[in-house]
Amino acid sequence: MSPADKPVRIGMLGCGVVGSSVARLLLADTAELSTRAGVNIELARIAVRTIKPYEGINPALFTTDPFSIVNDPEIDLIIEVIGGISPAKELILAAFKNGKSVVTANKALLAKEGAALYQAAGEANVDLYYEAAVAGAIPILRPLRESLVGDHVTRIMGIVNGTTNYILTKMDESGTAFADALKQAQELGFAEADPTADVEGIDASDKAAILAGLAFHSRVTDKDVYREGITKITATDVKVAKAMDMVIKLLAITELTASGEISVRVHPALISRTHPLASVRESFNAVFAEAQSAGQMMFYGKGAGGEPTASAVLGDLVAIARHKVLGGIGPKESDYASLKIAPMGETKTRYLIRLNVADKPGVLESVAHVFASHSVSIQTVRQTGAGDKAELIIMTHTSTESALSATVNELGKLPAVTDVASVLRVEGAI
């Protein structure tokens with residue numbers, strides 16, 4: 001029997017929003033996917049927590065024992081879509097030990113335990129594919145692993161969380177307050193009942209770690225990522241941004257510093273409305289990459305949801321199935337560079353600072369003195385209001401995060417400053 005005659009039997013772990021979409025699409029398109037892979041593909045078993053009816057899926061496929069799937073010698077390939085750290089990690093490691101390749105969409109596990117997973121896959125000489133872990137349907141990880149491997153990536157800046165982008169879009173387009181925009185996102189199914197992982201930037205920081213590791217051939221974990229969420233963004237912040245022809249986005253940013261270290265961070269930032277990322281609306285995602293030879297590129301599309309994410313999972317499935325026919329495996333971990341993570345304080349950025357100040361002589365002079373004492377240059381200053389409601393809106397030139405942060409801290413102690421109303425980073429050219 002030739003390799004192409006023996007089917008690749010698939011075991012799937014999880015059947016939630018993504019898993020059920022994977023199963024339905026795979027069952028509906030088995031013949032064509034098999035033709036593309038060059039081998040018959042068969043969905044053999046699905047592990048779920050509770051067996052219940054799933055439309056379009058044969059109940060006989062289900063089991064509540066996931067280890068019976070990863071330990072089954074008749075199963076060739078595992079799709080892991082249960083999420084979380086445990087038991088996903090133990091199941092994947094067991095699959096590797098049993099010689100099975102794995103497709104996963106588990107960004108949290110990859111960001112925390114990627115090194116251990118890669119090592120285990122390498123020792124077992126099997127594939128670990130995870131295109132669906134970042135930005136859903138958008139092909140960005142494989143281009144970093146394969147298409148751009150002959151180039152030098154210098155910077156990646158992306159919108160990689162649909163929930164926060166939907167909220168910020170509504171705040172920008174309708175003047176909606178954060179709480180109201182979040183409630184609307186929850187009602188439409190774009191946000192979970194507990195939105196913490198999204199609005200606090202946890203989801204995006206996991207994805208930033210994965211992107212940074214691939215882009216710069218180094219091990220990067222979620223603990224290496226500086227993180228701020230969007231819960232402090234106000235309608236006033238959005239209004240000020242609009243007046244400056246800018247928009248606020250939650251950005252995942254990773255770049256090489258001048259000293260050859262990796263800066264990796266997630267935080268809200270102002271970008272010009274002329275920047276390609278500014279036009280990314282609602283729950284869509286986009287990743288803007290820069291490379292030494294290729295220049296600037298943007299990858300755009302649906303970053304979440306059952307079918308979009310399933311598209312990436314099935315793409316990985318076909319790739320691994322082809323390896324079963326032709327022999328060999330895909331790229332292993334590329335961590336040869338072993339670059340250090342730059343402290344956030346050394347990161348170069350710009351600030352937009354809003355200060356509530358007393359409207360009296362000498363205020364600008366005292367404010368300017370604080371900036372000068374920290375060697376932070378002011379690009380523009382604008383005053384609005386008068387009397388007790390005077391506000392200074394200050395845009396800085398590029399400086400280190402430590403110098404900018406120290407400046408803001410000292411500004412808040414000035415007698416003439418009522419309070420520091422807002423501080424936002426500015427990314428990209430204005």
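Modeller: The model is predicted. The largest pocket holds about 1200 Å³ of space. It is lined by 41 residues, and those closest to its centre are Val 18, Lys 107, Glu 192, Asp 203 and Ala 304. By class, the lining has 17 nonpolar, 16 polar and 8 charged residues. Several helices supply at least two lining residues each: helix 1 (17-28), helix 5 (107-124), helix 7, helix 9 (196-199), helix 10 (202-216) and helix 12 (306-326). Helix 10 gives the largest share, 4 residues.

Two of these helices, helix 7 and helix 12, also pack against other helices. Helix 7 (residues 162-174) meets helix 11 (residues 235-243) at an angle of about 65°, and their axes are 9 Å apart. The crossing of helix 7 with helix 11 is right-handed. Met 171, Asp 172 and Glu 173 of helix 7 touch Ala 235, Val 238 and Lys 242 of helix 11. This contact is made up of 3 nonpolar and 3 charged residues, with no polar ones.

Helix 12 packs with helix 2 (residues 30-37) at about 50°, with the axes 8 Å apart. The two helices therefore count as oblique to each other. Helix 2 also passes helix 12 in a right-handed crossing. On the helix 2 side the contact uses Leu 33, Arg 36 and Ala 37, and on the helix 12 side Leu 314, Val 318, Ala 321, Arg 322 and Val 325. The contact of helix 2 with helix 12 divides into 6 nonpolar and 2 charged residues, with no polar residue.

How values were computed: Residues are numbered from 1 along each chain as its sequence is written. This is a predicted model: local features need pLDDT of at least 70, side-chain atom pairs count only at pLDDT 80 or more; totals for chains, interfaces and linings use all residues. Side-chain values use heavy atoms; hydrogens and water are left out. Axes are lines fitted to C-alpha atoms, for helices over the stretch in contact, and angles run from 0 to 180 degrees between N-to-C directions. A crossing is left-handed if the near helix is turned anticlockwise from the far one by less than a right angle, and right-handed if clockwise. Contact means heavy atoms within 4.5 Å. Ala, Val, Leu, Ile, Met, Phe, Trp, Tyr, Cys and Pro count as nonpolar, Asp, Glu, Lys and Arg as charged, and the others, Gly among them, as polar. On a 1 Å grid over the protein atoms alone, a cavity is a set of points where a 1.4 Å probe fits but cannot get out, and a pocket is an open set with protein on both sides within 12 Å along at least five of seven lines; lining residues have an atom within 4 Å of a point. Grid points are joined across faces, edges and corners, and a volume is the space filled by probe spheres set on the points. Angles under 35 degrees count as roughly parallel, over 145 as roughly antiparallel, 65 to 115 as roughly perpendicular and the rest as oblique.
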